[in-house]
Every structure is written in structure tokens, then in C-alpha cells.
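Reader: I'd like to walk through this one with you. Could you show me how to read its features as we go?

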Amino acid sequence: MPDTPTVPAPDATPAPAAGSDFRGRARSGFGSRFRSRFRLRRSVLVPLTAAVVLVAGTGGWYAAGGGRSTVGPAPAGGPEEEVAPLARSMHLPWPSEGQASVAVEGIGSLGTRGEQKPVPIASVTKVMTAYVILKGHPMRADAPGATVVADRRAADESYSSVETTAPVLAGREYTQRRLLELMMVPSGNNVARLLARWDAGDEKAFVAKMNRAAAGLGMRATTYTGVSGMEASTRSTSADQLRLARAAMKDPVFRQVVATASVAAPGAGATFRNTNKLLGRDGVIGLKTGSSTPAGGNLVWATTQEVAGVSRLVLGVVLRQRAGTTPAEGSAAAHEASHALITAIRADLPAAANRA
């Protein structure tokens, strides 16, 4: 893999206002130097231990249903996922590459496609970061949560031109909720690391927490080596990330954060749009994007669909789309593959439930 080219990522440029094109410039109010840096900032290929890793920032639960058939190979190191009987009559447009897994709350798995071997997941990593933070520092829905003071390192990293970041000011107090939003909505790597240091003292200790949490959820094919997804050595499978999504979406605060369309960075005069371009369409209420050259495009998504008068949460994970290309190409492919699955599932799920 080349180690010098610079390729802009599509997901992480500040927007001028909520609801506007996120390729816009940061609004005034933070000083010319910061505005200039954020007008020009792009996510680019990052030299990382002799490899180039370009990361742009994307992760509900379901009750396993009956049936004993399986679709696709078993998750590495874990038991086979039983597929709900109604899935047999559904013809879903599974992506032709990478991995994908889908499940419906209260109904069960709709299947898994692709070899379930661990692959890089880029900023999908932040789903676990948020999960561990909320486990250690639980919040009430709509509450601001604890107060976190941004350190100098997080502030300095705000100016990075080689990764996706979100602006924070050294010594400024932020609410836990706002930092979770800055981590998940524009996928701020520096904010993920700040939250990890705040929680565990240092990032290495927090990564250990992430791996313990993964083991506790039965994510046997997953290894976390960092908190942001910058490291291509953080690897997982679509089946494992679906397990995590189920667990994370049980937390109402997590659900609120990943459904946030845009977030303002206090004191920075910048507003960021959610990197999940499907949010707000076809019932989509989350979850998390992630794209890099080695990982390709990745998207964990959550949507809803009424089945027999009951609103059901549908969760899906699409990994490794167009790996080895630019993050923009991978991200577009992951969004396209996910959208095809979402629209097909929402169109056919009610009728499939009647046929089962």
C-alpha cells in the first residue's frame, strides 16, 4: 500500500450551520487562525507505523428469534447465528463484497454474508468507545452528564490536518454529552482520546477496558488496539459489531447521540453534520460510519419498521466496501450497500412476517 498520497475524506469537514452542507466553512467567532485551519482541514492518508491509514469517521439490539437455519459462515470463534424463519422468504440485496449482518428486534437475525474474518473497521471503533464511556459514566436521557475539562493535548490535536478531529479548547469545561456528540457525529478522533484519558487515566488502560467489554459481549473475533479507529490493527467482523450495536442501543443516551443530525463545537464557531448520510431517511435513526484505505467503507446502521402493528428496530452492519480505494469511494459504497438493504428490508419485512 502506498505511503505518501494525500486523499481527502468526505465526511468530516465543518459545516457553516446545522442542516447545511458539511463541506462549508466554519462560522466566525473563534479567531482567524482556527477558522483558517478548519476551512482547510481534510482527512488524509496518515503515515502510521510504516502504513498509510486514512480514517474518516459510523453502529441497537434485537431479541433472537426462532428457526434453526443459518445464512453465511459462522462468526469466527463463536456459535452460529440462528436466522429467523421469515428470512427464508426474503430476497435481500446483500453486498457483493466484504461482510454484512442484519437483525430485527423481537424477530431475530435476517442473516450474515461474507467471510467472518476480522478486518479493520476504522471509526466504527468509536461505537465501543462510547459504549464503555456510558457504562462507566451512565447518564439519564436528555441530561448533560459529567463535566470534562479538555486538556492541552486534545486542543492541540484539534488542528490536525492528518485525521478527523473536532475543535476543543484547552482548559474549557465540556459536558459529557457534548463530547460524545463531537466524537460520534463528526467522528472526532481527538475527542475519543480525550474521553479515554478522562475515564481511565491513559489510552492504553481504556483500550484494555474496550477489549474486556468486547469479551463480555461475546465478540470473540474482535481486537481493539486504539480508541478512535486510526489503527488498522483494530479488527472485527460484521457479526461482532452487530452484537455491540444491540448492546449499545439499549442505552437511551447512546440512541440520542447517534441520532443527532448536527452538533456545534462550543467556542469554536463551527457546526458539524453527522457523517451518516442515511440519517433521517427511510426510518434511519443512527448509527456510525467508518472509512479508511485499508478498511474500506463501513457503516453500522439502525432503522425502524412497523411489523404487525409493532415498531421494530432493524440493525445492520456493512464492512469492507471497496477496501484499498479512497475513503470517499469506500464510504459511498458502504452507504449505497446499506441503503439497498434498508429499503428492501423495510419494503418486504411486514409481508414476510405474514408469510412466516
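Author: Let's start with helices: they are DSSP runs of H or I with at least four residues, while strands are E runs of at least two, and both are numbered from the N terminus. This is a predicted model, where local features need pLDDT of at least 70 and side-chain atom pairs 80 or more, while totals for chains, interfaces and linings use all residues. Residues count from 1 along each chain as its sequence is written, and side-chain values use heavy atoms, without hydrogens and water.

Reader: Where is Arg197 found?

Author: Arg197 belongs to helix α5 (residues 189–200).

Reader: Is Arg197 buried or exposed?

Author: Buried means under 20% relative accessible area, exposed over 50%, and partly exposed in between (1.4 Å probe, protein chains only). Arg197 counts as buried because its relative accessibility is 14%.

Reader: Which side chain does the side chain of Arg197 make a polar contact with?

Author: A polar contact pairs N or O atoms within 3.5 Å; within protein, one must be able to donate a hydrogen and the other to accept it, and sequence-adjacent residues count only if both atoms are side-chain atoms. Here the partner is the side chain of Glu203, at 2.9 Å.

Reader: Which residues touch the most other members of the largest nonpolar core?

Author: Such a core joins buried Ala, Val, Leu, Ile, Met, Phe, Trp, Tyr and Cys residues through side-chain atoms within 4.5 Å. Among the 59 residues here, they are Met128, Leu179, Leu180, Tyr224, Phe254 and Leu287. Helix α2 (residues 126–136) gives the largest share, 7 residues. A second, separate core has 27 residues, including Trp301 and Ile345.
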